[in-house]
Structure formats: structure tokens, C-alpha cells
Amino acid sequence: MLNWLLSKNKKTHLENEKESIPRFLEPFIRQISALHIHINGDNTIYSSTLLNINNEYNTLLIDELIPSLEEIPLTIGQRLHVSGKLQGEVIEFDTQLIKIDTTDNYTGLRIQLPDSIKRTQRRQYHRVSLGISEKTSLVMRVDDRQVVRGKVSDFSSGGFGALVDMNRDIERGSKYKDCTLKIDNESIRNPIQIQYAKSEET
């Protein structure tokens with residue numbers, strides 16, 4: 001099955017709806033994915049993990065930093081830049097330290113839930129751009145009534161990108177059994193799976 005990277009907009013998106021931000025951060029807890037912490041005034045990049053999201057108080061709890069702080073102590077209100085990668089997407093946000101939670105077992109940092117996060121899709125494969133040409137085309141049957149047509153924009157060993165015009169949303173992970181790629185005089189017919197899709201803002 002071919003993977004399909006359907007791309008119709010910029011690779012970076014700013015998520016600034018407060019109620020939706022926890023949804024993008026929760027996978028970091030479930031998968032215990034590493035976070036990188038940059039402290040203003042310190043060139044060291046620290047590692048941590050997200051432990052808890054408190055929606056009532058709009059805070060996040062992250063684990064103690066690795067390596068441990070030595071020369072630059074943390075103070076309440078300290079500005080932090082947090083980033084992490086999950087499923088090919090990099091999430092970044094700025095925040096500040098609210099409280100240092102200390103128990104007998106660990107020291108955690110309570111930080112402010114950010115007002116916005118930046119999500120950037122990162123490619124996992126080297127991608128070759130084809131440009132938009134009449135020699136490349138895509139025909140995909142969405143259902144019994146709709147056939148989508150578009151132009152193939154690039155290829156990689158992990159799939160291809162395409163620009164299409166359609167009036168319905170496509171979700172990541174969706175599979176379609178009938179897809180035909182045409183490049184010059186060659187045709188390839190194969191099922192596809194959507195790896196990334198985004199509608200262009202108008």
C-alpha cells in the first residue's frame with residue numbers, strides 16, 4: 001500500500017484555541033515522549049516528560065529536568081521554551097514556571113498551559129519535487145459517487161504529495177482502495193493511506 005502525503009497548505013500551523021491545546025499534548029503523556037526544555041539565559045537543552053495536564057487550573061506538570069540544574073536556579077515566573085516530536089510532528093510552545101512541586105520521591109515543575117502551540121510537520125524521507133505539471137496526475141475514488149482529481153507534486157520513498165480539489169475533509173489514517181497515479185505515459189494503480197492532510201485556508 002502506498003502512503004499518501006496530501007498537502008494543500010503550509011507545513012506549520014499555530015494552534016491558539018485554548019480548549020483544543022490539551023488534546024495535542026495528551027499523547028506525550030500516553031507515549032511517554034521526551035520534551036526538550038530551553039530556559040531563558042541558559043544555553044543547555046534539558047529533557048523532561050509531561051506527567052499531567054490540569055485543565056481546571058490551566059497548568060502542566062513536567063518531570064524534573066535532565067541534566068539537573070546547577071548553576072542557574074529556577075525561579076517562579078521563569079520563561080521556558082518547550083518542544084517535542086510525536087508521530088512526525090514537532091510541537092513547540094512558550095510558557096512560564098508556576099510552581100516547583102517537591103515530594104520525597106521526585107521534583108516536578110508546574111508550568112502554565114500555553115495560550116498557543118506551534119505544530120510543524122517534519123518529513124521523514126528525502127522528498128523530490130516534481131513541480132505542478134500536466135504530465136503528473138492523480139485520480140482517486142473516494143466513494144461510489146465522488147472521484148477526486150489532482151496533481152502529484154513530489155515523491156519520496158515513504159509516499160507522495162498531491163494537490164487536490166475536494167469538498168470534504170480527509171482524516172489521517174484513512175484508506176482508499178482505488179487510486180491511480182499517472183507520470184508521463186506510465187500509470188500506477190494502488191490502494192493508498194493518508195499520512196497527512198490539511199485543507200487550504202481561504
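This is a predicted model: local features need pLDDT of at least 70, side-chain atom pairs count only at pLDDT 80 or more; totals for chains, interfaces and linings use all residues.
How exposed is N58 by relative accessible area? N58 is partly exposed, at 29%, where partly exposed is the range between buried (under 20% relative accessible area) and exposed (over 50%), using a 1.4 Å probe and protein chains only.

Residues are numbered from 1 along each chain as its sequence is written, and side-chain values use heavy atoms, with hydrogens and water left out.

**View 1. The whole protein holds 1 helix and 17 strands.** Helices (H or I, at least four residues) and strands (E, at least two) are DSSP runs, numbered from the N terminus. Of the 202 residues, 41% count as buried. The protein exposes about 12500 Å², with carbon and sulfur atoms supplying 45% of that area; accessible areas come from the Shrake-Rupley method with a 1.4 Å probe, and for residues only the protein chains shown count as cover. Among contacts (heavy atoms within 4.5 Å) with a separation of 6 or more, 57% join residues 24 or more positions apart.

**View 2. Helix α1 spans residues 21–30.** Buried here are I21, P22, F24, L25, P27 and F28. Just after the helix comes I32, with a positive phi of about 50 degrees although I32 is not a glycine. I32 sits in the loop between α1 and β3 (34–39) and is exposed, with a relative accessible area of 64%.

**View 3. E15 is a buried residue, at 9% relative accessibility.** Look for E15 in strand β2 (residues 12–15). Its side chain makes polar contacts with the side chains of S20 (3.1 Å) and R119 (3.2 Å). A polar contact is a pair of N or O atoms within 3.5 Å; within protein, one must be able to donate a hydrogen and the other to accept it, and residues adjacent in sequence count only if both atoms are side-chain atoms. Leaving out residues up to four places away in sequence, E15 also touches others, including I21, F24 and D115. D115 is 100 residues from E15 along the chain, yet their C-alpha atoms are separated by 8.7 Å.

**View 4. S137 lies in strand β11 (residues 136–141).** S137 is buried, with a relative accessible area of 18%. Apart from neighbours within four places in sequence, S137 is in contact with G150, K151, V152, T180, L181 and K182.

**View 5. The lining of the largest cavity includes L25, F28 and L35.** The lining divides into 9 nonpolar residues, no polar and no charged.

Note on methods. On a 1 Å grid over the protein atoms alone, a cavity is a set of points where a 1.4 Å probe fits but cannot get out, and a pocket is an open set with protein on both sides within 12 Å along at least five of seven lines; lining residues have an atom within 4 Å of a point. Ala, Val, Leu, Ile, Met, Phe, Trp, Tyr, Cys and Pro count as nonpolar, Asp, Glu, Lys and Arg as charged, and the others, Gly among them, as polar.
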